[in-house]
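Here is a friendly walk through the charged pairs and nonpolar cores of one protein model. Please have your viewer ready and follow along.

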Amino acid sequence: MSQSPVGQSPTVQPATVQPPTLRSPTVSCVFVCHDGRGRVLLARRGAGARDEPGSWDTGAGALEFGESFEAAVTREVREEYSARALAVETIGVRNILRVDPRSHWVAVVSAVEVDPAEVAIGEPHKFDELGWFALDGLPEPQHSQLAATLDLYRAWAAGRPGGAWG
């Protein structure tokens with residue numbers, strides 16, 4: 001504010017707003033749904049998806065304030081796939097820096113067992129197809145982040161009793 005003569009209101013100078021040069025990353029809960037027998041559930045991103053429509057990907061969603069990772073994954077599995085999360089296990093963390101679209105995510109990655117009979121598209125504005133796939137028979141095109149997510153999943157699956165499924 002600037003000084004004003006006595007008896008008059010001070011004048012307010014407009015603030016100069018500069019866009020921040022650094023932004024905080026967003027925490028995302030990425031999940032690889034599986035059937036416990038070696039198949040993973042992938043969704044084809046529809047025209048209304050945030051990015052890379054037409055590509056196949058695992059599920060994901062933002063962590064909400066006050067929410068545990070497991071609660072976020074359980075909520076997102078229900079929203080995206082209309083299914084109950086039967087078992088949720090954190091399998092890794094990824095630091096994702098993307099240029100297009102520009103974004104920074106810290107992705108907490110989980111393996112989630114679901115019952116295939118319960119699975120259905122819960123968000124048709126984001127996904128237009130779901131499919132169960134063996135790890136050696138994945139569909140194309142794949143989302144740019146899918147390979148790194150499935151690398152974590154493969155490492156987790158290899159450490160389970162009975163070894164990797166595929």
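## An exposed arginine and its partner

Arg-50 is exposed, with a relative accessible area of 57%; here buried means under 20% relative accessible area, exposed over 50%, and partly exposed in between, using a 1.4 Å probe and protein chains only. Its salt-bridge partner is Asp-51, at 3.2 Å from N to O, where a salt bridge is a side-chain nitrogen of Lys or Arg within 4 Å of a carboxyl oxygen of Asp or Glu. Asp-51, by contrast, is buried, with a relative accessible area of 5%.

A note on the model: it is predicted, so local features need pLDDT of at least 70 and side-chain atom pairs count only at pLDDT 80 or more, while totals for chains, interfaces and linings use all residues. Residues are numbered from 1 along each chain as its sequence is written, and side-chain values use heavy atoms, with hydrogens and water left out.

## Links across the sequence

Side chains of opposite charge can pair when their charged atoms come close. Arg-84 and Glu-118 form such a salt bridge, with the closest N and O atoms 2.5 Å apart. This pair links distant parts of the chain, 34 residues apart: Arg-84 sits in the loop between α1 (69-81) and β5, and Glu-118 in the loop between β6 and β7. Helices (H or I, at least four residues) and strands (E, at least two) are DSSP runs, numbered from the N terminus. Arg-84 is partly exposed at 41% relative accessible area, and Glu-118 is partly exposed at 23%. Elsewhere, salt bridges that share partners join Arg-45, Arg-50, Asp-51, Glu-52, Asp-57 and Arg-98 into one network.

Which residue does Arg-44 form a salt bridge with? The partner is Asp-128, with 2.7 Å between the closest N and O atoms. Arg-44 belongs to strand β2 and Asp-128 to strand β7 (residues 127-134), so the pair ties together parts 84 residues apart in sequence. The whole structure has 16 salt bridges.

## Nonpolar cores

A nonpolar core is a set of buried Ala, Val, Leu, Ile, Met, Phe, Trp, Tyr and Cys residues joined through side-chain atoms within 4.5 Å. The largest one has 19 residues, and those touching the most other members are Val-40, Leu-42, Ile-91, Leu-138, Leu-150, Tyr-153 and Trp-156. At least two residues each come from β1 (26-34), β2 (39-45), β5 (87-98), β6 (103-113) and α2 (146-158). Helix α2 gives the most, with five residues. A second, separate core of 14 residues includes Ala-72, Val-77, Val-119 and Phe-127.
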